[in-house]
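Me: I am new to this structure and would like to learn how to read its aromatic rings. Please take me through them step by step.

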Amino acid sequence: MFGFAPTADAGSVTKQLADYLRRCIESGEMACGTRSPPTRKAAEELHIARNLVIEVYEQLTAEGYLTSRTGSGTYVADGIEIRPARELPTSSTTETAPVPDRKERRFIDFDTGTPDLKHFPRRLWSKYVRETMNSEPDHIFTYSDIQGMRPLREAISRYVYRVKGISCSADQIMVTSGGSEGFLLLASAFANLFRHVYIEEPTIGFVADIFQKWNYAVHPIDVDKQGMMISRIPPEAAAGLMILTPSHQYPTGSILSIQRRQQAVQLAEAAGHYLLEDDYNSEFRHKGAPVPPLQVMAPSRVIYAATFSKTLSPALRIGFLIVPSGLMERVMSTKSELHLTTSGITQLALARFMEDGHYERHIHKMRAVYKRKRMFLAEQCRRLFGDAATILGDEAGMHVQLAFDPGRYGPIDWNELETFGVRLGSFDDYARVKGRHNGKIVLGYGNLTEEEIAEGPLRLHRFMETKEAGR
C-alpha cells in the first residue's frame, strides 16, 4: 500500500506516512483525483493502527493535499503543482530525549498572547541561569554578540531540523529580542530594497504599524479558510515582502493550503518578492501533526521568524530569524547599526535548557495542557450557545475563534463586555477594513485557569442575551 515502509529512526509512523504521501503527491506519483484507499484497508496492509491512518488523512486534508467527498472517499486534491522530488537534507546531529496561585481578579481576560505562566519551569530555569552566571567568563555581563550567542544558534539549528525539517546552519540564524524586534529589524534592513509589503487581512496589528513607520506601502490581502488569497496579488505587483502565518493564521485560525503555498513561492520567484513566514505557535497543534513550515519549500525565498514568547514566556524576550544566506549580511549590518542585542545570560541559559532536552519536554507537556483547555472551552461554548455560534479555524494555538450569527444579534460593541467582567478581542480589532467581520471574536485561554474558562463563557452568554433581547 503506497509502497511505504517506516524506519525505526525517522520519527513516528504518523509523521513518516504523512511526509511520504506529501512527496508522492507533489512528485505526481499520486495524481490529482486519485482515490486514497479506505482507512481500514490501508491500516491492514501497512500493519499499523487504523487511527494512525485516519490522523494522517485528516492532517493532509487540513493542509489541502487531500479532499473528502461524502459517501465516496478521500481523493488527492486538485491544483497542486507537480515538482521533482527534493533530496532530504542530511544531518550529523543526534536526537535528544524527548508558582504561586493566581490572585482572584475582577476581569476574565481572554488574552491570546500569553502562555500558561504557572507552568513555566521556574526552578529548572533558575538552575540554568545560575549555572550560566557561575561558569561563564566576565564578558557574559557585557553586550552580547549582535547575531546571537553561538551556542543558542546551534541549539536552534538542531531543534528546527529535528522538529520542523528546516535545514539551516547556525550562521543563518539571527537571535532577536522577541518577534516584534525581528519585524522591526527586517523592516529597517529592507527599506532601501523594497517599498511594498503584502499582509494578511485581518492580522495582528503591530505588523502593519512597524512597516508603515518605515514608509512601506501596506497592501492588505484577504484571508479565507485556506489562508491568504495569493491570487489577489497581481503578477505585475511591485516586488516586496509577503508576510504570512502559514501554520495557523491569526485571528482566523486557517492553514495556508499546499496550493496557495505553491502559488506564493511561484509568485515570489517570478516577481522578486521575499516571503516572511511568522511561525508564532505551530508547536501547539491539537489535532494531527504540526504543519510543515513554508521555509522548507523555498529556503532561498523565505525568511522564517519564530519566538519563545508563546512556548516559554514573553519575559525571556527571545525570538529568532532564519535568513537566506544572500540576505544575512544586509540584516547583520542593520542590526549592528541599530545596536540591538539580547541578554547573553538568557541566551546561554536557554541554549543549555534546549540541549538537555527540557525545551521539547516542556512543549510536549504544554501541548497536552492547551489541548485540554481548548476542548473544555469549546464544549462550554457549544453548550451555552448551540447553533447561535460557530467555532472557526484549525485546532491549534492557545485560542478559540467564535462566530455569532449577526442576523440574530446584530452589530456588537465588544467593549461593552467589560461591564460583565470580560475582556476579549474581535476580528475587527485586527482588520484594517472594519465592519466585515461582525460577530467574530477570539478567546485566548493560554493563561486562564479552569475556573476562569468555565466562568468566562457564562458571562459572555449573559452579555449576548442582553443583545438578543434588545433587538
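**Aromatic rings and a helix**

Reply: Ring pairs join Phe385, Phe404, Tyr409, Trp414, Phe420 and Phe463 into a cluster. Keep in mind that this is a predicted model.

Me: How many aromatic pairs does the structure hold?

Reply: The structure holds 21 aromatic pairs. In one of them, the ring centres of tryptophan 125 and phenylalanine 353 are 5.9 Å apart and the planes stand at 75 degrees, so this pair is edge-to-face. Tryptophan 125 belongs to helix α4 and phenylalanine 353 to helix α10, so the pair ties together parts 228 residues apart in sequence.

Me: Is tryptophan 125 buried or exposed, and what about phenylalanine 353?

Reply: Buried means under 20% relative accessible area. Tryptophan 125, at 11% relative accessibility, therefore counts as buried. Phenylalanine 353 is at 1%, so phenylalanine 353 counts as buried too.

Me: How is a pair of aromatic rings described?

Reply: A pair of rings is described by the distance of the centres and the angle of the planes. For phenylalanine 308 and phenylalanine 320, the centres are 5.9 Å apart and the planes at 45 degrees, so the pair is tilted. Both of these residues, phenylalanine 308 and phenylalanine 320, are buried.

Me: How many of the twelve residues of α10 are buried?

Reply: Ten of the twelve are buried, so α10 is largely enclosed by the rest of the structure. The buried residues of α10 pack against α4, α5, β4 and α11. At the N-terminal end, serine 343 caps α10, with a side-chain oxygen 3.4 Å from the backbone nitrogen of isoleucine 345.

Terms used. Residues are numbered from 1 along each chain as its sequence is written. This is a predicted model: local features need pLDDT of at least 70, side-chain atom pairs count only at pLDDT 80 or more; totals for chains, interfaces and linings use all residues. Side-chain values use heavy atoms; hydrogens and water are left out. Buried means under 20% relative accessible area, exposed over 50%, partly exposed in between (1.4 Å probe, protein chains only). Helices (H or I, at least four residues) and strands (E, at least two) are DSSP runs, numbered from the N terminus. Contact means heavy atoms within 4.5 Å. A polar contact is a pair of N or O atoms within 3.5 Å; within protein, one must be able to donate a hydrogen and the other to accept it, and residues adjacent in sequence count only if both atoms are side-chain atoms. Rings of Phe, Tyr and Trp (its six-membered ring) pair if their centres lie within 6.5 Å; planes under 30 degrees apart count as stacked, over 60 as edge-to-face and the rest as tilted.
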